[in-house]
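Morning, everyone. Please have a look at the sequence and the model on the screen, and then I will walk you through them.

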Amino acid sequence: NDDLVSFVKDVFTVFEEIALEKEIKFLFLSSEKQIDAWFDNDKVEKILYNLLSNAFKFTPKGKSIKVSLEKENIKNKVHAVIKVIDYGIGIPEEELNSVFERFYQTRNKNISAQEGSGLGLAYINHLVKIHRGEINIKSELHKGTTCTVTLPISKAAYLKNSIIELQPQKY
Ligand code: ATP
Ligand code: MG
């Protein structure tokens, strides 16, 4: 187990340089000073990394991106709620249901020459599921996108996760 606040903060710090370069206002907010949590470091890092990569890819210069972290009790179990909020180009409503599909990329022709393969969100979705968590994306075209990841962080939940992970996963 680890302090999730400093863990998320560390990943945030990696992107601070890109924020400076792209002139994006970049904020980190946490409801707690410390969140003692059981989680899979490697998976949470990949989830955050992919979400932040998307946020930076689809947010133009001068706009802002926020990372927020909260602790919440859901059905009597402790959860971490991590949000990556961007004020970027947004996702058209008719595409929101497709973004978790592998190789899916927007049909919006205005977004020229975007590097990437459309695998990021499909992969995150898979990692979040292994972690017994949930991911939710809300977006408004030309306004921005909020990706919310909810993960159980109690020891009991974590030990259950490790058992699940031994089973083959469909991906
Ligand atoms: P990869 O992650 O493999 O490098 P990608 O970023 O294009 O490629 P995903 O991360 O799976 O692929 O995202 C799928 C699509 O969803 C993106 O191509 C983009 O059209 C849309 N999308 C994802 N995140 C955002 C965001 N924060 N703002 C606007 N559109 C987004
Ligand atoms: Mg991506």
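I will start with the whole chain and then turn to single residues.

First, the ground rules. This is a predicted model, where local features need pLDDT of at least 70, side-chain atom pairs count only at pLDDT 80 or more, and totals for chains, interfaces and linings use all residues. Residues are numbered from 1 along each chain as its sequence is written, chains are lettered from A and ligands numbered from 1 in the order in which they are written, and side-chain values use heavy atoms, with hydrogens and water left out.

Now the overall fold. How many helices and strands does the chain have? Four helices and seven strands. Here, helices (H or I, at least four residues) and strands (E, at least two) are DSSP runs, numbered from the N terminus. Reading from the N terminus, the order is β-α-β-β-α-β-β-α-β-β-α. The radius of gyration is 16 Å, close to the 16 Å from the globule rule for 171 residues, so the chain is as compact as a globular protein of that length. That radius is taken over C-alpha atoms, and the rule is 2.2 Å times the number of residues to the power 0.38. Along its principal axes, the C-alpha trace spans about 45 × 35 × 25 Å.

Next, cover and contacts. Of the 171 residues, 43% count as buried. Buried means under 20% relative accessible area, exposed means over 50%, and partly exposed is in between, with a 1.4 Å probe and protein chains only. The chain exposes about 10,300 Å², and carbon and sulfur atoms supply 49% of that. Those areas come from the Shrake-Rupley method with a 1.4 Å probe; for residues, only the protein chains shown count as cover. A contact means heavy atoms within 4.5 Å. Take the contacts between residues at least 6 apart in sequence: 70% of them join residues at least 24 apart.

Now some residues. Start with His79, in strand β5, residues 77-86. Is His79 buried or exposed? Buried, because its relative accessibility is 11%. A polar atom of its side chain lies 2.8 Å from the backbone oxygen of Lys77. That is a polar contact: a pair of N or O atoms within 3.5 Å; within protein, one must be able to donate a hydrogen and the other to accept it, and residues adjacent in sequence count only if both atoms are side-chain atoms. Leaving out residues up to four places away in sequence, His79 touches several others, including Glu70, Ile74, Thr150 and Pro152.

Strand β4 holds Ser68. Ser68 is buried too, at 9% relative accessibility. Beyond four places away in sequence, Ser68 touches Leu29, Val81, Ile82 and Lys83.

On to Lys22, in helix α1, residues 4-22. Lys22 counts as partly exposed, at 27% relative accessibility. Which backbone oxygen does the side chain of Lys22 reach? The one of Phe56, at 2.5 Å. Lys22 and Pro60 are 38 residues apart in sequence, yet 7.8 Å apart in space, C-alpha to C-alpha.

Trp38 is in the loop between β3 (36-37) and α2 (41-57). At 24% relative accessibility, Trp38 counts as partly exposed. Not counting residues up to four places away in sequence, Trp38 touches Asn1 and Tyr158, among others.

Now helix α3, residues 120-130. Eight of its eleven residues are buried, so it is mostly covered. Among the buried ones are Leu121, Ile124, Asn125 and Val128. Just after α3, Arg132 takes a positive phi of about 60°.

A quick word on phi. Most residues other than glycine have a negative phi, and most peptide bonds are trans. Two further residues have a positive value. Asn76, in the loop between β4 (64-74) and β5, has a phi near 65°. Asn76 counts as exposed, at 79% relative accessibility. Phe103, in the loop between β5 and α3, has a positive phi of about 70°. Phe103 is exposed as well, with a relative accessible area of 57%.
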